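Visitor: Could you take one part of this model and look at it closely? Then place that part in the rest of the chain.

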Amino acid sequence: MTITYEWRGEVEDAALDALHAEGFGYPAGHGEWRARLLRHSLGWVCARREGRLIGFVNVAWDGGDHAFVLDTVVAREHRSHGVGAELVATAARQARAAGCAWLHVDYEPDLRRFYLDSCGFRETAAGLLAL
């Protein structure tokens, strides 16, 4: 079956909430994803197979040169097949087309190879302040 990737695709709150809950290990119920995306994002990429949402990445931005990859998630049964890399590649193409010069990502140590090797990011120094 074919997997399709869509920039700023239709997002149903319940489907995205369920995908995030599975991917990030928290209970569903965070809701109102679409409203949040429309308010804060340059765009997002949805991956679908047979109409079902199987992957997602959000691209936030500063309104200028910098875009930020957030919430990359792929349904468990579709991981390790290139879906995540294509989500990020589509996000990068669209951010470039919007005039962004930089695409940033933060990641957990276990995702280092994915972002650096599969997606082409280079490692940089960064800081984080817990609020």
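**A close look**

Guide: Arg76 is exposed, at 51% relative accessible area. Exposed means over 50%, buried under 20%, and partly exposed in between (1.4 Å probe, protein chains only). This is a predicted model, where local features need pLDDT of at least 70, side-chain atom pairs count only at pLDDT 80 or more, and totals for chains, interfaces and linings use all residues. Residues are numbered from 1 along each chain as its sequence is written, and side-chain values use heavy atoms, with hydrogens and water left out.

Arg76 sits in the loop between β4 (66–74) and α3 (83–97). Helices (H or I, at least four residues) and strands (E, at least two) are DSSP runs, numbered from the N terminus. In sequence, Arg76 and Glu22 are 54 residues apart. In space, their C-alpha atoms are 7.7 Å apart.

The loop between β4 and α3 also holds Ser80. Ser80 counts as exposed, at 79% relative accessibility. Its phi is about 65°, positive although Ser80 is not a glycine. Most residues other than glycine have a negative phi. Arg8 is another case: its phi is near 55°, also positive in a residue other than glycine. Arg8 belongs to the loop between β1 and α1 (13–24). With a relative accessible area of 35%, Arg8 is partly exposed.

β4 pairs with β3 in the antiparallel sense, over six bridges. Two strands pair if DSSP finds at least two bridges between them. One of these bridges joins Ala60 to Phe68 in β4. The β3 and β4 hairpin has four residues between the strands. Gly63 in that hairpin takes a positive phi near 85°.

β3 (residues 52–61) pairs in turn with β2, again antiparallel, over eight bridges. Ala47 has Gly55 in β3 as a bridge partner. Arg49 is bridged to Arg52 in β3. Two residues lie between the strands of the β2 and β3 hairpin. There, Glu50 takes a positive phi near 55°.

β2 also pairs with β1 (residues 3–7) in the antiparallel sense, over five bridges. Tyr5 has Ala47 in β2 as its bridge partner. Ala47 is also the residue partnered with Gly55 in β3.

Over the whole chain, 34% of the 131 residues count as buried.

Last, the whole chain. It has four helices and five strands, in the order β-α-α-β-β-β-α-β-α along the sequence. The radius of gyration is 14 Å, close to the 14 Å of the globule rule for 131 residues, so the chain is as compact as a globular protein of that length. That radius is taken over C-alpha atoms, and the rule is 2.2 Å times the number of residues to the power 0.38. Along its principal axes, the C-alpha trace spans about 35 × 35 × 30 Å. Take contacts (heavy atoms within 4.5 Å) between residues at least 6 apart in sequence: 57% join residues at least 24 apart.
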